[in-house]
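Good morning, and thank you for coming.

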Amino acid sequence: MHRFLESNRGLWDEWADIHAHSAWYDLESVRRGTCKLRSYEVGEVGEVGGRSLLHLQCQLGTDTVSWARRGATVTGVDFSPRAVAVARQLAADTGIDAHFVCSDVLTLPAALTGSFDIVYTSRGVLGWLPDLTRWARVVAHFLAPGGVFYVTDIHPIAEVLDSSAAELRVSRPYFPRAEPVGYPVQGSYVDRDAQVATEVEYLWPHSVAELVTAVARAGLVIEFFHEFPWLDRPWPFLHKQEGLGWTLPPGGLGELPLFFSLRAGKPAAGDGG
């Protein structure tokens with residue numbers, strides 16, 4: 001397991017430099033005040049002013065900074081030292097008082113203390129985690145009683161699709177497994193032509209059932225699980241739909257969930273159950 005995680009960490013160190021100079025992340029616009037959060041997640045997370053927020057797998061910190069601008073006291077976590085360095089510099093450049101921790105999420109209790117009103121993670125996070133049961137326990141560990149956990153990501157159903165094919169094709173496993181699946185690295189998802197030394201990315205498949213069960217067994221109460229017919233990034237077989245993102249081509253009757261969001265709460269002290 002360690003070798004898979006170390007290889008992925010090296011890949012994300014390489015990607016951090018590529019992403020920091022990409023139009024996709026557009027750090028210069030973030031410095032000028034652009035909010036990288038999507039409107040639906042801002043609405044679903046709710047008011048953050050005056051609340052503490054832990055952002056897991058924060059990468060370059062663009063969303064962390066955006067939550068801070070909305071009034072949250074923020075802490076970002078990522079396992080890539082290079083990504084954390086970029087995030088710290090971004091916060092400094094924007095005058096944001098943010099705390100960043102370099103740690104694997106699954107071992108975070110050894111690197112961070114305290115509790116938070118909100119634990120947040122989003123967009124491209126689950127596949128890098130080898131164990132959702134441990135992950136959900138870490139979330140519950142850091143969530144204050146009465147607090148909110150929120151995750152939004154590519155739908156597990158969409159993860160089985162070949163993201164490089166020109167037509168809709170199932171090419172990846174859906175059900176969880178202990179060993180990751182290795183995929184050849186072709187640049188980065190923001191620049192397929194970028195030069196990257198790491199040859200393989202290791203991803204763990206996770207089903208909807210595994211996700212929901214892990215969160216529930218960690219003692220959190222699921223408030224909703226929403227499914228969306230759009231993706232936040234271009235795949236060759238998807239169609240760009242203004243205001244939504246990328247969807248299945250219009251005109252057909254076929255439908256698939258491509259993105260999701262889940263919100264859960266930690267019972268307040270003294271609550272029954």
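Thr 121 has Val 151 of strand E5 as its bridge partner. Strands here are DSSP runs of E with at least two residues, helices are runs of H or I with at least four, and both are numbered from the N terminus. This is a predicted model, in which local features need pLDDT of at least 70, side-chain atom pairs count only at pLDDT 80 or more, and totals for chains, interfaces and linings use all residues. Residues are numbered from 1 along each chain as its sequence is written, and side-chain values use heavy atoms, without hydrogens and water.

Strand E4, residues 116-122, pairs with E5 in the parallel sense over 6 bridges; two strands pair if DSSP finds at least two bridges between them. Both belong to an open sheet of 7 strands with mixed pairing, ordered E3-E2-E1-E4-E5-E12-E8. Its edge strands are E3 (98-102) and E8, each pairing on one side only.

Let me turn to the helices. Helix H6 lies across E1, E4 and E5, and runs at about 140 degrees to E5. Angles run from 0 to 180 degrees between N-to-C directions, with axes fitted to C-alpha atoms, for helices over the stretch in contact, that is, with heavy atoms within 4.5 Å.

Which residues are buried in helix H7 (208-217)? They are Val 208, Glu 210, Leu 211, Ala 214 and Val 215, where buried means under 20% relative accessible area with a 1.4 Å probe, protein chains only. Their cover includes helix H6 (132-142) and the strands E5 (143-154), E8 (221-228) and E12 (259-265).

Technical notes: Buried means under 20% relative accessible area, exposed over 50%, partly exposed in between (1.4 Å probe, protein chains only).
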